[in-house]
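Welcome! Please take a moment to turn the model around on your screen, and then we will walk through some of its parts together.

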Amino acid sequence: KNVDACRLIEQHRGDAMVISTMGAGNPRFGWPTVTHDETRDIPIGGAMGKASSFALGLALAQPEKKCIVLDGDGSLVMNLGSLTTISEVAPSNLYHFVFENGCYAVTGGQPIPAEGKLNFKDMALGAGYPSAYDFEDFEEFATNIGRILGENGPILINLRITPEIENIPMGLRERPQRNTKVAIQEAVRALKAEVA
């Protein structure tokens, strides 16, 4: 489940910045339900596919700070070129989690293109990521997450999870408390406070 993976990542994040998108950032069963430091969280709403690109920029701007991106499989499919761009500049502080549920869960559960044929770990390695992991078993992921976050990035960690489909009409859904603009402003203040 989304929330189980998010909870485990939160337990190991330390003071990392976390950039989340779509399902991973869902206010009902995603990152907002488990985070303990919103000032270091940046939800990327309304820009599907761009969380990895945003995280790359942040990782380059803050090389001493770990940057964790919580991406969806559908989102990453929309911006596969980000894998080669991340590989080219190779930020050692970037950890790219992909929540693979095989569908666009936020818009009703439509299958993603090539669902069942894609292998995000192989794509990341083929694009030049120095390492990538693929987990279907939650216990195996729990056993290895600490070690993985101790390695130098960029690293892609693919998590095969059970879909949690949003069937509530958009206008009736719970909205995130913070939008991207507010989150960026808060993150900037938090990072400046560290330096001062």
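A residue is called buried when its relative accessible area is under 20%, exposed when that area is over 50%, and partly exposed in between, using a 1.4 Å probe and protein chains only. Helices (H or I, at least four residues) and strands (E, at least two) are DSSP runs, numbered from the N terminus. What you see is a predicted model, where local features need pLDDT of at least 70, side-chain atom pairs count only at pLDDT 80 or more, and totals for chains, interfaces and linings use all residues. Residues are numbered from 1 along each chain as its sequence is written, and side-chain values use heavy atoms, with hydrogens and water left out.

Let us start with helix 4, residues 81-89. Its residues S82, L83, I86 and S87 are buried. Why do they sit on the same side of helix 4? They do so because they cover an arc of only 135° around the axis, where the arc is that of the directions from the helix axis to the C-beta atoms. The cover over these buried residues includes helix 2, helix 3 (73-77), strand 4, helix 5 (120-127) and strand 8. Just after helix 4 comes A90, with a positive phi of about 45°.

Now for the sheet. Two strands pair if DSSP finds at least two bridges between them. Here 6 strands form an open sheet in the order 2-1-3-4-8-7, with parallel pairing. Strand 2 (41-44) and strand 7 (131-135) are the edge strands, each pairing on one side only. On average, neighbouring strands of this sheet are turned by 15° against each other, direction ignored. Strand 1 and strand 3 (residues 67-72) share 4 bridges in the parallel sense, and V18 stands opposite I68 in strand 3.

Two helices pack on this sheet, as the table shows. Contact means heavy atoms within 4.5 Å. Axes are lines fitted to C-alpha atoms, for helices over the stretch in contact, and angles run from 0 to 180 degrees between N-to-C directions.

| Helix 1 | strand 3, strand 4 (94-100), strand 8 (155-160) | about 165° with strand 4 |

Finally, is G14 buried or exposed? G14 lies in the loop between helix 1 (2-12) and strand 1 (17-21), and G14 is exposed because its relative accessible area is 63%. In contrast, C6 is buried at 0% relative accessibility.
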